[in-house]
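This report goes through one model, from its cross-link to its strands and its nonpolar cores. The sequence and the coordinates come first.

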Amino acid sequence: MKPLFCSLSLIACFSSTAMTWQCPTHEQQLGAKYSIEYTQNGQSQIETFELWRSHQQVAHAGKNNITEVWQKLSNDQIRPIRYFEDYQHGIEYQPIDLTGQGSVPAWQDKYQLITQAQLNNMTMKDQQGEGCQQVQRFVLNNEAIQLTIEWLPQLHLVKSLQAVRAQHTEQWQLEQLIVATEQVKAQFNRWDNFQTTDYADIGDNESNPLLAKMIKQGFIEHGASGFYNADGTAIHSGHHH
């Protein structure tokens, strides 16, 4: 059975906080910064994750200085660009490049980190607040997972999320909501200014240090997913943040 949060290493646990924020002009244009705490066998690790939206573009910025920008096309397909921040370089993929890697990720999955179908599989326990400050609490408990989500319905945004499994807990908390339109535009413009290479053309660009490392790792012959770290090691096709 497919995991509930196949898209998330976004499976996490959050505690509720009394955070308030300015409402964005539109929920399609904002930035959300999260803190994440992973706990396993008594050992904890803290990371950060950023979600950015600009209309038909969504960006996920997380570990390894890698940012994925997902573009929704007019035919409802999704086209990813993977940016390597250390190199200020991106690799552009066409939707067809992902067809051999299992199901192409749903737009909702990228846009709001959880699909409406997943929320519908949970039970809403309570809600409070109004407008963009409204928070709904959803829970799901079964043998595999104890899941609690604080959901901002007006923003289609996760406020907090808790996933508890055997020997493993992930805790996510929304720390900052960015609603300034110019700041969001500036973030996407920064990525747009990176040099990019089409995935299909990588073999013709061995002089680029990032691409040379990838070629040295033999990814053209043996790489399964087409997604790579800056050091040339493969990133599996599952959600990697």
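## Disulfide

A disulfide is taken here as a pair of cysteine sulfur atoms within 2.5 Å. The model is predicted: local features need pLDDT of at least 70, side-chain atom pairs count only at pLDDT 80 or more, and totals for chains, interfaces and linings use all residues. Residues are numbered from 1 along each chain as its sequence is written, and side-chain values use heavy atoms, with hydrogens and water left out.

The distance rule gives one disulfide. Cysteine 23 is joined to cysteine 132, with an S to S distance of 1.9 Å. The disulfide is left-handed because the torsion about its S-S bond is about -85°. The two cysteines are 109 residues apart and link distant parts of the chain: cysteine 23 is in the segment before strand E1 (29-40), and cysteine 132 is in the loop between strand E7 (123-128) and strand E8 (135-141). Helices (H or I, at least four residues) and strands (E, at least two) are DSSP runs, numbered from the N terminus.

The two ends of the bond fall in separate accessibility classes, where buried means under 20% relative accessible area, exposed over 50%, and partly exposed in between (1.4 Å probe, protein chains only). Cysteine 23 is partly exposed at 42%, whereas cysteine 132 is buried at 9%.

E2 and E3 pair in the antiparallel sense over five bridges, and histidine 60 of E3 is the bridge partner of leucine 51. E3 also pairs with strand E4 (residues 66-72), again antiparallel and over five bridges; here alanine 61 has threonine 67 of E4 as its bridge partner.

In a regular strand the side chains alternate between the two faces of the sheet. In E3, Gln57, Ala59 and Ala61 point one way and Val58 and His60 the other way, and all are buried. E3 is therefore largely enclosed by the rest of the structure, with five of its five residues buried.

## Positive phi values

The E2-E3 hairpin has two residues between its strands, and histidine 55 in the turn has a positive phi of about 60°. Histidine 55 lies between strand E2 (43-54) and strand E3 (57-61) and is partly exposed, at 38% relative accessible area. In the hairpin of E3 and E4, four residues separate the strands and asparagine 64 takes a positive phi near 65°.

Leucine 113 also has a positive phi, near 75°, and is a residue other than glycine. Its place is the loop between helix H1 (107-112) and helix H2 (116-120). Leucine 113 is buried, at 3% relative accessibility.

## Nonpolar cores

A nonpolar core is a set of buried Ala, Val, Leu, Ile, Met, Phe, Trp, Tyr and Cys residues joined through side-chain atoms within 4.5 Å. In soluble globular proteins, nonpolar side chains tend to be buried together. The largest core has 35 residues, of which Tyr34, Leu51, Met122, Leu147, Leu157 and Leu177 touch the most other members. Two or more residues come from each of E1, E2, H1, E8, strand E9 (146-152), strand E10 (157-165) and strand E11 (168-178). E1 gives the largest share, five residues. A second, separate core has ten residues, including Trp52, Ala59, Tyr83 and Trp191.

Contact means heavy atoms within 4.5 Å. Neighbours within four places in sequence aside, leucine 157 is in contact with residues including Ala32, Tyr34, Leu51, Trp151 and Leu177. Alanine 32, in strand E1, is buried at 0% relative accessibility. Alanine 32 and leucine 157 are 125 residues apart in sequence, yet their C-alpha atoms are 8.6 Å apart.

## Glutamate 47

Glutamate 47 belongs to strand E2 and is buried, at 13% relative accessibility. Residues up to four places away in sequence not counted, glutamate 47 touches Tyr34, Ser35, Ile36, Tyr38 and Lys63.

Notes:
Pairing = 2+ DSSP bridges.
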